[in-house]
Amino acid sequence: MKRNIFRVMAVAFLAMGMALTSCEKEPADNNGNNPGGNNGGGNGGGNTPTSTIVANTFSTPVVVNSEGSVTIEGNDLMIAAYSGTALLEAYGGVNILTTAGVNDYDKVICLNEGEEINASGHFTQDDSADLYSEGGYSAWANKTGYAGISFKKNGQTVYGWVKIKFDASTTTVTIYGYAYEATAGKAIKAGATK
């Protein structure tokens with residue numbers, strides 16, 4: 001009798017284990033918000049948090065040839081573009097990934113897709129940064145790239161990017177969209193949207 005009870009219990013535990021195993025292996029929807037998904041995230045699949053990237057690609061790009069701004073989660077990234085010079089201005093809550101200038105404006109770093117934006121960068125805040133200056137800084141001249149940004153969300157710093165094109169012949173700045181990693185302090189790669 002004891003032997004039969006033991007067998008029944010063993011079969012029951014085995015069945016429960018198989019059910020748990022098959023649940024863990026169910027395909028995920030890969031939407032980036034599923035903690036057990038195949039996106040490498042979630043505490044169900046390890047200790048790596050799920051990506052929480054918020055992306056906004058503008059259906060109509062914002063074109064600035066004098067002054068303008070782009071609002072990112074209630075914060076403004078201001079842009080000034082005049083003959084021979086273009087600036088990103090960090091007066092509206094968005095900080096800009098730059099070189100550390102000496103006796104001059106900091107320079108907006110032109111990132112390629114896949115380059116990481118994180119806390120180790122130098123972020124200009126409450127100041128202007130050169131996107132282009134004729135005869136001075138030309139990393140953005142006639143190029144499309146990514147500017148790294150940071151700003152406060154719920155009192156904590158988050159990192160992101162803004163896709164920008166600069167036309168040196170017309171001194172025009174075009175903004176295509178932005179994305180940021182909503183998890184405070186977590187790095188993001190330029191161009192990443194999920």
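Me: Where is the place of Asn 154?

Reply: This is a predicted model, in which local features need pLDDT of at least 70, side-chain atom pairs count only at pLDDT 80 or more, and totals for chains, interfaces and linings use all residues. Residues are numbered from 1 along each chain as its sequence is written, and side-chain values use heavy atoms, with hydrogens and water left out. Helices (H or I, at least four residues) and strands (E, at least two) are DSSP runs, numbered from the N terminus. On that basis, Asn 154 sits in the loop between β10 and β11.

Me: Is Asn 154 buried or exposed?

Reply: Buried means under 20% relative accessible area, exposed over 50%, and partly exposed in between (1.4 Å probe, protein chains only). Asn 154, which has a positive phi of about 55° although it is not a glycine, has a relative accessibility of 76%. Asn 154 therefore counts as exposed.

Me: Which class does Glu 73 fall into at 38% relative accessibility?

Reply: Glu 73 is in the loop between β2 and β3. Its phi is near 50°, a positive value in a residue other than glycine. At 38% relative accessibility, Glu 73 counts as partly exposed.

Me: What is the relative accessible area of Ser 150?

Reply: Ser 150 lies in strand β10 (residues 143-153). Contact here means heavy atoms within 4.5 Å. Not counting residues up to four places away in sequence, Ser 150 touches Gly 93, Val 94, Asn 95, Phe 123, Thr 157, Val 158 and Tyr 159. Ser 150 is buried, and its relative accessible area is 4%.

Me: Which residue is the bridge partner of Ala 86 in β9?

Reply: Strand β4 (residues 85-92) pairs with strand β9 (residues 128-133) in the antiparallel sense, over five bridges. β3 and β4 also run antiparallel, joined by five bridges, and there Ala 81 has Ala 86 as its partner in β4. In β9, the partner of Ala 86 is Tyr 132.

Me: Which residue in the turn of the β3 and β4 hairpin has a positive phi?

Reply: The hairpin formed by β3 and β4 has two residues between its strands. The phi in question is about 85°, and the residue is Gly 84.

Me: Which residues have the most contacts inside the largest nonpolar core?

Reply: A nonpolar core is a set of buried Ala, Val, Leu, Ile, Met, Phe, Trp, Tyr and Cys residues joined through side-chain atoms within 4.5 Å. The largest has 30 residues, and the elements giving two or more residues to this core include β1 (53-64), β11 (156-167) and β12 (172-181). Leaving aside neighbours within four places in sequence, Ile 164 has contacts that include Leu 88, Leu 131 and Val 173. Those with the most contacts inside the core are Leu 88, Leu 131, Ile 164 and Val 173.

Methods
Pairing = 2+ DSSP bridges.
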